[in-house]
2 protein chains.
Amino acid sequence: MIVTTIGLGLIGGSIALELKANNFADQVIGVDNNPTHQQQALALGLVDGILPLEAGLSIADLVIIATPVDVTTQLLPQILANIDGFTTVLDVGSTKSEICKIAGASPLRDRFVAAHPIAGTENTGPTAAHRGLFSNKTNIICEREKSNPQALRLVEKLFECLRMKNIYMDAAAHDKHIAYVSHLSHISSFTLGLTVLEIEKNEKTIFDMAGSGFESTVRLAKSSPEMWAPIFDQNSENLVVALDEYIHQLQQFKQVIQHREKQQAKNKMKKANDIRRVLAGIEAKKQQISPNTTNKLQSSIAHTSKK
Amino acid sequence: MIVTTIGLGLIGGSIALELKANNFADQVIGVDNNPTHQQQALALGLVDGILPLEAGLSIADLVIIATPVDVTTQLLPQILANIDGFTTVLDVGSTKSEICKIAGASPLRDRFVAAHPIAGTENTGPTAAHRGLFSNKTNIICEREKSNPQALRLVEKLFECLRMKNIYMDAAAHDKHIAYVSHLSHISSFTLGLTVLEIEKNEKTIFDMAGSGFESTVRLAKSSPEMWAPIFDQNSENLVVALDEYIHQLQQFKQVIQHREKQQAKNKMKKANDIRRVLAGIEAKKQQISPNTTNKLQSSIAHTSKK
């Protein structure tokens with residue numbers, strides 16, 4: 001099977017690596033408008049070759065769109081207009097409503113599968129790509145009923161090959177929930193970075209006094225603006241609601257501290273401590289995805305080549 | 001030298017472990033009003049014995065106060081009233097102004113050294129104590145001019161023995177700066193936990209959709225309310241200023257997202273990305289503290305026993 005990956009960053013590059021290593025793809029073709037990324041992806045062995053978009057589409061059995069989500073919404077009509085009825089197209093963006101809406105306008109909607117593998121780091125570009133990024137994590141598939149069953153099954157197998165667990169959700173629910181458990185974390189971290197940089201003009205002090213707690217909460221502030229600005233843009237409505245709630249909670253916490261109500265502060269933190277249970281739940285979920293789940297599946301993948 | 005450690009949690013317990021392992025202390029005596037912590041500390045070998053406060057003070061060459069900071073301000077007058085002019089008293093709390101003020105009222109102020117080793121995890125209690133917690137990190141000493149030079153030197157050696165770098169600061173500056181690079185991170189994380197727990201009543205969704213970014217930003221929400229409520233209380237004034245700035249920045253970010261000003265969002269994030277340089281600076285600082293710095297110092301520590 002020939003897989004064409006559009007966008008050779010952390011996600012596109014890491015998927016390419018896994019598909020080659022697991023023989024899911026006979027060949028991975030890269031499409032990227034950044035010449036440096038093209039060269040890096042070739043040099044790092046993420047892809048077997050680089051082609052322009054149209055050529056990449058014409059030979060692909062499976063097309064993976066792994067670009068920033070504004071590029072995805074822009075390219076999607078063109079991609080769906082340039083494939084035949086045997087090609088499967090998959091996107092891996094962090095927003096799903098706008099992308100699904102655009103896909104819905106195409107006569108070949110059923111060749112498209114909307115996915116969001118929940119994985120990533122604060123690093124970007126082909127050099128950030130690595131194996132194991134997706135292992136034991138969750139992939140969300142939206143509007144599965146609108147995808148052709150064979151196309152859907154191929155995509156499900158792809159994520160199983162990445163050792164991910166597929167779950168299903170409608171696009172609106174995805175965007176609402178992800179606003180809280182991913183997008184809000186990023187804004188909280190970006191803003192913490194901005195606040196500290198703004199006030200601590202004397203950086204020497206930050207270097208000396210910042211501990212591992214600061215590093216952990218501010219880690220996501222290193223994330224790519226090119227990737228995140230379009231996500232925040234497309235999920236604007238849900239994110240504003242989440243931010244309103246977060247700001248409201250911060251103001252309440254501030255009041256408690258300002259009035260030195262130590263017991264109330266304790267109560268709030270005890271409530272927040274409940275996140276231990278949630279994080280333990282995430283850990284437990286990870287354990288449930290056995291690392292060997294996909295071995296049998298891989299051998300059942302038909303190595304078909306379209307052309 | 002006999003060291004008495006008051007408070008056998010993560011910090012007190014971990015210091016005790018290091019001082020025993022490095023032969024800085026001939027004997028470490030633990031004081032803790034929690035019987036479970038007493039038993040755990042003995043069973044885990046953090047301390048050689050448990051004594052009540054007064055007995056622990058009477059035999060100590062060095063007293064380390066590693067309690068929540070409200071307990072520290074409460075105990076400090078009593079401790080300084082019950083030592084002789086040869087005993088050194090050290091506190092390791094995350095706030096310094098209120099503690100230094102209380103110490104300043106004692107005729108034995110010069111036997112006291114105010115310190116803040118910047119180290120910790122989100123875990124608490126004797127079972128969380130471990131070796132290596134302090135390695136290559138920074139210890140802040142406040143008001144060093146008010147401490148007797150021998151007492152100061154002993155405390156400096158103690159932190160060098162923990163492989164820490166000592167830096168010096170006045171108490172007000174410490175409390176102001178630490179509000180931004182530590183206390184604010186904790187509030188941001190506690191509040192993120194509260195917000196997500198509040199809205200996502202369906203926890204199943206959190207388990208499935210939360211990724212490593214969420215885990216990283218929310219990690220500190222697991223921290224101990226008993227430890228942090230008194231810190232926020234004592235540093236209330238600085239923290240309110242820091243929170244006001246953080247909330248202001250969040251509101252600005254929200255506006256940008258609400259009005260879908262993608263370029264402005266990008267600009268903000270690019271600015272926040274500058275935190276990479278700060279975090280790299282923290283890493284570089286760590287490298288500068290050679291792991292063998294303290295070997296020579298240790299052999300020069302006089303193994304004196306007072307009684």
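1. Across the interface of chain B and chain A, 28 residue pairs are in polar contact, both at pLDDT 80 or more. A polar contact here is a pair of N or O atoms within 3.5 Å; within protein, one must be able to donate a hydrogen and the other to accept it, and residues adjacent in sequence count only if both atoms are side-chain atoms. On the chain B side that touches chain A, helix α7 (residues 171–199) gives the most, with 20 residues. That side of chain B splits into 44 nonpolar, 25 polar (Gly counted here) and 29 charged (Asp, Glu, Lys, Arg) residues.

2. A word on the basis: this is a predicted model, where local features need pLDDT of at least 70, side-chain atom pairs count only at pLDDT 80 or more, and totals for chains, interfaces and linings use all residues. Residues are numbered from 1 along each chain as its sequence is written, chains are lettered from A in the order written, and side-chain values use heavy atoms, leaving out hydrogens and water.

3. The rule also finds 12 salt bridges across this interface, meaning a side-chain nitrogen of Lys or Arg within 4 Å of a carboxyl oxygen of Asp or Glu. D233(A) makes a salt bridge with R260(B), with the closest N and O atoms 3.0 Å apart.

4. Now the sheet in chain A: it is open, has 8 strands in the order β3-β2-β1-β4-β5-β6-β7-β8, and its pairing is mixed. Strands are DSSP runs (E, at least two residues), and two of them pair if DSSP finds at least two bridges between them. Because β3 (49–50) and β8 (165–169) of chain A each have a single partner strand, one side of each lacks a neighbour in the sheet.

Conventions. Helix = DSSP H or I, 4+ residues; strand = E, 2+ residues; numbered from the N terminus.
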